[in-house]
Structure formats: structure tokens, C-alpha cells
Amino acid sequence: MGGYTVRFDVDRKQVIGIIPPDAEDSKPLPNKSKAMSREDATSVYVTHRPLRLVYKLMENPATWQNSNP
């Protein structure tokens, strides 16, 4: 069982990559400064995938059989 290798940039004091035990190369982590805010992401999601309320009646077969002889 192998462990992960973590690449750390000492100058910036942050992790810049993680190498799984079976990988050949590391992949850089996403740049947080380029991330979208939660509010902006919510706005984009709601605009392109509007939410809708759906009611679903879940019947319990045990109670249904007892109430209908």
C-alpha cells in the first residue's frame, strides 16, 4: 500500500500538486483566485437549470393494506 506524494511550493507556502501512489505525474491544484464565488455560481446554475418543486406521494404498502380491507 503506497502513500500520496504532496508537492509544496515553499515560497508561496501552499500545496501545488498531489501524486497518487499509482500515478506517474502530479496534477496541479486549481487556482483559488480564479474560482467563482458561491453567489455567482448559484446565479449561473439557477439561470441555466431552474429549480422546480415536485411533490411525490410515497405509499407504504403495509398501511395501505390495513386501511383498505
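This is a predicted model: local features need pLDDT of at least 70, side-chain atom pairs count only at pLDDT 80 or more; totals for chains, interfaces and linings use all residues.
Biologist: Which elements have the lowest and the highest mean pLDDT?

Modeller: Helix α2, residues 61–67, has the lowest mean, 61. The highest, 86, belongs to helix α1, residues 38–48.

Biologist: In what sense do β1 and β2 pair?

Modeller: The two strands are antiparallel, with five bridges between them. You can follow individual partners across the pair. Thr5 stands opposite Ile19 in β2, and Val6 has Ile18 as its bridge partner. The hairpin has four residues between the strands.

Biologist: How do I read a phi angle, and what is the phi of Lys13?

Modeller: Most residues other than glycine have a negative phi. Lys13 is not a glycine, yet its phi is positive, about 55°. This residue sits in the loop between β1 (5–9) and β2.

Biologist: Is Lys13 buried or exposed?

Modeller: Lys13 has a relative accessible area of 67%, so it counts as exposed, the cut-off being over 50%. For the chain as a whole, buried residues make up 6% of the 69 residues.

Biologist: How do I read a salt bridge, and which residue pairs with Asp9?

Modeller: Side chains of opposite charge can pair when their charged atoms come close. Here Asp9 forms a salt bridge with Arg12, and the closest N and O atoms are 2.9 Å apart. The count for the model is one salt bridge.

Biologist: Why does Asp9 count as buried?

Modeller: Asp9 counts as buried because its relative accessibility is 18%, and the cut-off is under 20%.

Biologist: How do I read a pocket, and how much space lies in the largest pocket?

Modeller: Rolling a probe the size of a water molecule over the atoms shows where empty space is left. In this model the largest pocket holds about 200 Å³ of space.

Biologist: Which residues line the largest pocket?

Modeller: Its lining consists of Arg12, Gln14, Val15, Ile16, Pro28, Leu29, Pro30, Asn31, Lys32 and Ser33. Strand β2, residues 14–19, gives the largest share of the lining, three residues.

Biologist: How do the lining residues divide by type?

Modeller: Five are nonpolar, three are polar and two are charged.

Note on methods. Residues are numbered from 1 along each chain as its sequence is written. Side-chain values use heavy atoms; hydrogens and water are left out. On a 1 Å grid over the protein atoms alone, a cavity is a set of points where a 1.4 Å probe fits but cannot get out, and a pocket is an open set with protein on both sides within 12 Å along at least five of seven lines; lining residues have an atom within 4 Å of a point. Grid points are joined across faces, edges and corners, and a volume is the space filled by probe spheres set on the points. Ala, Val, Leu, Ile, Met, Phe, Trp, Tyr, Cys and Pro count as nonpolar, Asp, Glu, Lys and Arg as charged, and the others, Gly among them, as polar. Buried means under 20% relative accessible area, exposed over 50%, partly exposed in between (1.4 Å probe, protein chains only). Two strands pair if DSSP finds at least two bridges between them. A salt bridge is a side-chain nitrogen of Lys or Arg within 4 Å of a carboxyl oxygen of Asp or Glu. pLDDT is the predictor's confidence in each residue, from 0 to 100.
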